[in-house]
Amino acid sequence: MQSAKLTTVNIGFLFIAGFIATIAFDFWGQVVSPGIGWANLSPEGLAQSLLSSLGLPSNAFLGFFVHFYLVGLIAYPMGWFLIFKPIWIGVLGSDHMFAASAIYGFGLWVFALGGITTLSGLPTFLNFSAITWVALIGHVLYGIVMVAVLRLIERQQA
């Protein structure tokens, strides 16, 4: 999957990687983090707030749908494949993909907590409360897991 050309196979692989990365994100934010006494993530709440601020129907189901399916399984993997990865490879080559995946996760955190919170009428970065830092770890973890799964699939295809 070196080129940024979408095929049915690539879309399937992106979906699988996004699925596993979203499970890792949610496991971290809803099991591990509260289990060690840190904040509990509820990203579906942010999705609900965004839907409401846009004047769209908003409820718990739609929040989960947007967070898990539209964002975790589709938007974030496509952003990696079509935007971030080609730029990274164009500038730095195909080396240091672990660093690229962590930086991508950091960018997702900035996008979600810096941008989407603002669009949703919530405080930017949620006023840097405890949940902000749990979300940072979760987004970086998401990026790392997603890229690791994609690289594992690439190795299996070779």
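Contact here means that heavy atoms lie within 4.5 Å of each other, and in this predicted model F64 touches E44 and Y69 on that criterion, residues up to four places away in sequence not being counted. F64 is found in helix α3, where the residue is partly exposed, with a relative accessible area of 42%, a value between the limits of 20% for buried and 50% for exposed. Between F64 and F19 the separation is 45 residues in sequence and 13 Å in space, taken from C-alpha to C-alpha.

The largest nonpolar core comprises 30 residues, and those with the most contacts inside it are Y76, W80, Y104, L113, Y142, M146 and L150. Two or more residues are given to this core by each of α1 (8-35), α3 (60-92), α4 (97-119) and α5 (130-157), and the largest share, nine residues, is supplied by α5. In soluble globular proteins, nonpolar side chains tend to be buried together. Around Y104, one of the core residues with the most contacts, the neighbours are Y76, G79, W80, F84 and M146, again with residues up to four places away in sequence left out; of these, Y76, W80 and M146 are likewise listed among the core residues with the most contacts.

Two packed helices are described by the angle between their axes and the distance between the axes. For α1 and α3, the axes come within 8 Å and cross at roughly 120 degrees, and the two helices are therefore oblique to each other; the crossing is right-handed. On the α1 side, the contact is formed by N10, L14, F15, G18, F19, T22, I23, F25 and D26, which meet H67, F68, G72, L73, P77, M78 and F81 of α3. The residues of this contact divide into 10 nonpolar, five polar and one charged.

The packing of α3 against α4 was examined in the same terms. Here the axes are 11 Å apart and the angle is about 125 degrees, which makes α3 oblique to α4, and α3 passes α4 in a right-handed crossing. The residues that α3 brings to this contact are Y76, G79, W80, F84, K85 and W88, and these meet M97, A99, A100, S101, I103, Y104, L108, F111 and A112 in α4. By class, the contact of α3 with α4 has 12 nonpolar, two polar and one charged residues. Y76, W80 and Y104 take part in this contact and also belong to the group with the most contacts inside the largest nonpolar core.

A112, which lies in helix α4, counts as buried at 5% relative accessibility. With residues up to four places away in sequence excluded, A112 touches L46, Y76, T117 and H139. A112 and A47 are 65 residues apart in sequence, yet their C-alpha atoms are 9.8 Å apart in space.

Two loop residues other than glycine have positive phi values. H96, in the loop between α3 and α4, has a positive phi of about 60 degrees although it is not a glycine, and at 60% relative accessibility H96 counts as exposed. F125, in the loop between α4 and α5, has a positive phi near 55 degrees and is likewise a residue other than glycine, but F125 counts as buried, at 14% relative accessibility.

F125 is also one of the contacts of T132, which, neighbours within four places in sequence being set aside, meets W109, L113, F125 and L126. T132 has its place in helix α5 and counts as buried at 0% relative accessibility. L113, in this contact list, is among the residues with the most contacts inside the largest nonpolar core.

A further residue at 0% relative accessibility is S33, which accordingly counts as buried. The place of S33 is in helix α1, and its contacts, apart from neighbours within four places in sequence, are with W28, W38, A39 and V134.

Definitions and conventions: Residues numbered from 1 in each chain as written. Predicted model: local features only at pLDDT ≥ 70, side-chain atom pairs only at ≥ 80, totals over all residues. Heavy atoms only, no water. Core = buried A, V, L, I, M, F, W, Y, C linked by side-chain atoms within 4.5 Å. Buried < 20%, exposed > 50% of the residue type's maximum accessible area, 1.4 Å probe, protein only. Helix = DSSP H or I, 4+ residues; strand = E, 2+ residues; numbered from the N terminus. Axes fitted to C-alpha atoms, helices over the stretch in contact; angles between N-to-C directions. Parallel < 35°, antiparallel > 145°, perpendicular 65-115°, else oblique. Left-handed = near helix turned anticlockwise from the far one by under 90°. Nonpolar A, V, L, I, M, F, W, Y, C, P; charged D, E, K, R; others polar.
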